[in-house]
Amino acid sequence: MGLNLEFDIRRAEQKDAAEIANLFLISSDGLATYIWRKLAKDGASLEDLGAARYARTETAFSYQNCLLATQGESIIGMAHAYEMQVARGEPETDPVLAPYAALEEPGSLYISGLAVHAPFRSRGIGAALLDCVEALAFTRAIPHLSLICFERNTRAIDFYLRLGFRVADRRPIVPHPDLHYSEGDAFLMTRTVGRVRAGKVSAPRRALASPHGASAISSTQQ
Ligand SMILES: CC(C)(COP(=O)(O)OP(=O)(O)OC[C@H]1O[C@@H](n2cnc3c(N)ncnc32)[C@H](O)[C@@H]1OP(=O)(O)O)[C@@H](O)C(=O)NCCC(=O)NCCS
């Protein structure tokens with residue numbers, strides 16, 4: 001049976017928090033596992049902790065900053081992004097997390113998570129999610145997108161390079177059993193919003209219809 005390649009992209013709702021947490025476990029290559037394990041108390045599962053984290057409101061790591069790719073009722077991918085604040089608090093003292101704190105790009109729309117469930121990859125869903133993130137940056141007049149990716153996640157690095165991201169900075173990772181990679185660097189990758197492509201300035205191709213719209217974008221892949 002062939003895959004139905006139609007999908008929608010909509011804003012996440014609070015009821016989606018568990019699915020968002022699940023996709024964060026895929027997108028972060030072990031970092032979410034590391035962070036959530038540190039926060040877990042009284043034997044709470046990582047999945048429950050992650051779901052509670054993304055059910056919150058008015059915080060960077062909220063469902064409110066998440067776009068979901070869907071097919072019918074099924075969630076098949078997500079992009080999570082928030083504006084990176086200029087002022088940071090205390091320097092990061094956890095050595096495992098320090099490289100990522102050092103790579104933050106203040107003033108950018110930071111893509112904190114991007115993932116598509118494996119059976120739905122290589123069909124343009126990841127690129128469509130990034131288009132929508134760029135549209136959000138465009139409407140908020142945020143000039144850059146940024147993200148952090150492991151050097152050893154070569155498929156994702158190639159994907160971002162193909163979509164016009166460039167490596168702006170890098171830090172060696174500090175290995176930990178929770179992390180999927182034990183060597184190589186973490187890359188800060190950035191892209192200008194409304195970027196120059198083949199000599200022309202191009203605005204994002206898709207835009208969200210309404211700030212709280214349910215099913216804002218529809219896309220059919222050939
Ligand atoms: C990185 C990731 C989000 C990309 O999502 P995706 O939906 O597969 O991305 P796209 O389909 O837009 O583009 C990826 C590929 O599809 C190809 N493609 C895009 N549209 C296509 C289409 N209509 N038909 C055939 N191929 C297509 C692209 O050329 C690209 O080639 P590749 O398979 O060699 O990589 C996904 O691979 C993923 O979830 N990976 C695991 C989590 C992860 O690493 N996240 C990034 C952390 S920084």
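**Figure 1. Helix α5 is largely enclosed by the rest of the structure, because 11 of its 15 residues are buried.** Buried here means that 20 or more other C-beta atoms lie within 10 Å of a residue's own; exposed means 12 or fewer, partly exposed is in between, and the C-beta atoms are placed from the backbone. Please keep in mind that this is a predicted model, in which local features need pLDDT of at least 70, side-chain atom pairs count only at pLDDT 80 or more, and totals for chains, interfaces and linings use all residues. Residue numbers start from 1 along each chain as its sequence is written. Helices (H or I, at least four residues) and strands (E, at least two) are DSSP runs, numbered from the N terminus. The buried residues of α5 include Ile125, Gly126, Leu129, Cys132, Glu134 and Ala137. From its first C-alpha to its last, α5 reaches 21 Å, close to the 21 Å expected at 1.5 Å a residue; that expected span is 1.5 Å times one less than the number of residues in the helix.

**Figure 2. Alanine 137 in helix α5.** This alanine counts as buried, with 23 C-beta neighbours inside 10 Å. What does alanine 137 touch, not counting residues up to four places away in sequence? Look for Leu109, Ile142, Leu145 and Val193. Touching, or being in contact, means that the C-beta atoms of two residues, placed from the backbone, lie within 7 Å. Tyrosine 82 is 55 residues from alanine 137 along the chain, and their C-alpha atoms are separated by 9.4 Å.

**Figure 3. Two residues with positive phi, serine 122 and alanine 141.** Most residues other than glycine have a negative phi. Serine 122 is not a glycine, yet its phi is positive, about 65°. You will find serine 122 in the loop between β4 and α5, where it is exposed, with 10 other C-beta atoms within 10 Å. Alanine 141 follows α5 and sits in the loop between α5 and β5. Its phi is positive too, at about 55°. Alanine 141 is exposed, with 7 other C-beta atoms within 10 Å.

**Figure 4. Helix α1 passes α3 in a right-handed crossing.** The axes of α1 and α3 (residues 46-54) come within 7 Å and cross at roughly 115°. These axes are lines fitted to C-alpha atoms over the stretch in contact, and angles run from 0 to 180 degrees between N-to-C directions. A crossing is right-handed if the near helix is turned clockwise from the far one by less than a right angle, and left-handed if anticlockwise. On the α1 side, the contact is made by Ala17, Ala18, Ile20, Ala21, Asn22, Phe24 and Leu25, and these meet Glu47, Gly50, Ala51, Arg53 and Tyr54 of α3. The residues of this contact divide into 8 nonpolar, 2 polar and 2 charged.

**Figure 5. Threonine 33 in helix α2 (residues 31-39).** Is this threonine buried or partly exposed? Threonine 33 is partly exposed, with 19 other C-beta atoms within 10 Å. Not counting residues up to four places away in sequence, threonine 33 touches Leu25, Leu46 and Asp178. Aspartate 178 is 145 residues away along the chain, yet the two C-alpha atoms are separated by 6.4 Å.

**Figure 6. Leucine 147 in strand β5.** Leucine 147 counts as buried, with 26 C-beta neighbours inside 10 Å. Beyond residues up to four places away in sequence, it touches Tyr110, Ile111 and Met189.

Terms used. Ala, Val, Leu, Ile, Met, Phe, Trp, Tyr, Cys and Pro count as nonpolar, Asp, Glu, Lys and Arg as charged, and the others, Gly among them, as polar.
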